[in-house]
Amino acid sequence: MVIFKLLLALVSGYVLGSVNTSIIVGKMFGEDVRGKGSGNAGLNNTLRLLGLKAALIVLFGDVLKGVLACLLGYVLTASEFGSEGLMDYANPNLGLMLAGTSCIFGHIFPVFFQFKGGKGVLTAATVIFMMDWRLGAISICLFIIVVLITKYISVGSMVSAAGLPIISLILEKPSYSMVYSIAIALLIIVMHRKNIGRLINGAETKLKVGK
């Protein structure tokens with residue numbers, strides 16, 4: 001029964017993650033965000049192509065599915081792994097972690113959209129926040145500061161991701177949280193490999209102050 005619940009959390013998280021808000025909103029606005037701009041089905045490309053209104057809908061959708069996935073995983077397995085572990089890295093709920101992580105991969109490789117999705121930054125930030133609000137809040141603040149300084153959303157995403165293990169160390173998190181933070185950081189950075197190339201070549205688009 002425990003294994004079944006964990007599998008259900010895993011599958012449910014992936015299905016929720018596969019509901020790519022950027023692609024859906026793009027179609028609502030008559031565009032396929034995967035075919036224009038950077039080609040990425042995420043918030044940044046939506047903002048560039050469709051404007052602030054569409055981007056805010058994507059922001060809400062990506063955060064919502066991360067929250068729902070974590071809550072579903074938590075509820076499914078609370079009776080087996082304890083009722084604690086929500087926003088508490090010291091005693092995480094295994095179902096929450098599995099569903100949340102699966103949601104991130106669903107966002108990146110959505111089954112409903114030929115496995116071509118976004119980079120998973122927003123969803124990953126939401127999952128981290130649901131696991132430990134302090135770690136999530138510090139990471140989000142770091143992201144905002146870096147973006148305001150550099151005007152590059154991609155740089156803010158990578159710096160905040162790379163900072164996860166360091167923040168975990170400062171917060172004196174258990175060893176497994178360090179491993180998890182490193183894994184998420186590497187995933188986010190790898191998903192930004194094309195952005196790194198554009199940054200090196202000076203071709204990366206800066207965020208306009210007006211937006």
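Q: How should I describe two packed helices?
A: Two packed helices are described by the angle between their axes and the distance between the axes. The model here is predicted. In it, α6 and α9 pack at about 170 degrees, with axes 11 Å apart. That angle is over 145 degrees, so α6 is roughly antiparallel to α9.

Q: Which residues of α6 and α9 meet?
A: From α6 come Val121, Ala124, Val127, Ile128 and Met131; α9 supplies Tyr180, Ile184 and Ile188. By class, this contact has 8 nonpolar residues, no polar and no charged.

Q: At what angle do α9 and α10 pack?
A: Helix α9 spans residues 175-191 and α10 spans 193-201. Their angle is about 55 degrees, and their axes lie 4 Å apart. The two are therefore oblique to each other. Ile189, Val190 and Met191 of α9 touch Arg193, Asn195 and Ile196 of α10. This contact divides into 4 nonpolar residues, 1 polar and 1 charged.

Q: Where is Lys119, and is it buried or exposed?
A: Lys119 sits in the loop between α5 and α6. Its relative accessible area is 13%. The cut-off for buried is under 20%, so Lys119 is buried.

Q: What surrounds Lys119?
A: Beyond its neighbours within four places in sequence, Lys119 contacts Asn40, His107, Ile108, Ile188, Met191, His192 and Asn195. With Asn195 there is a polar contact, side chain to side chain, at 3.4 Å.

Note on methods: Residues numbered from 1 in each chain as written. Predicted model: local features only at pLDDT ≥ 70, side-chain atom pairs only at ≥ 80, totals over all residues. Heavy atoms only, no water. Axes fitted to C-alpha atoms, helices over the stretch in contact; angles between N-to-C directions. Parallel < 35°, antiparallel > 145°, perpendicular 65-115°, else oblique. Contact = heavy atoms within 4.5 Å. Nonpolar A, V, L, I, M, F, W, Y, C, P; charged D, E, K, R; others polar. Buried < 20%, exposed > 50% of the residue type's maximum accessible area, 1.4 Å probe, protein only. Polar contact = N/O pair within 3.5 Å; in protein donor to acceptor, adjacent residues only side chain to side chain.
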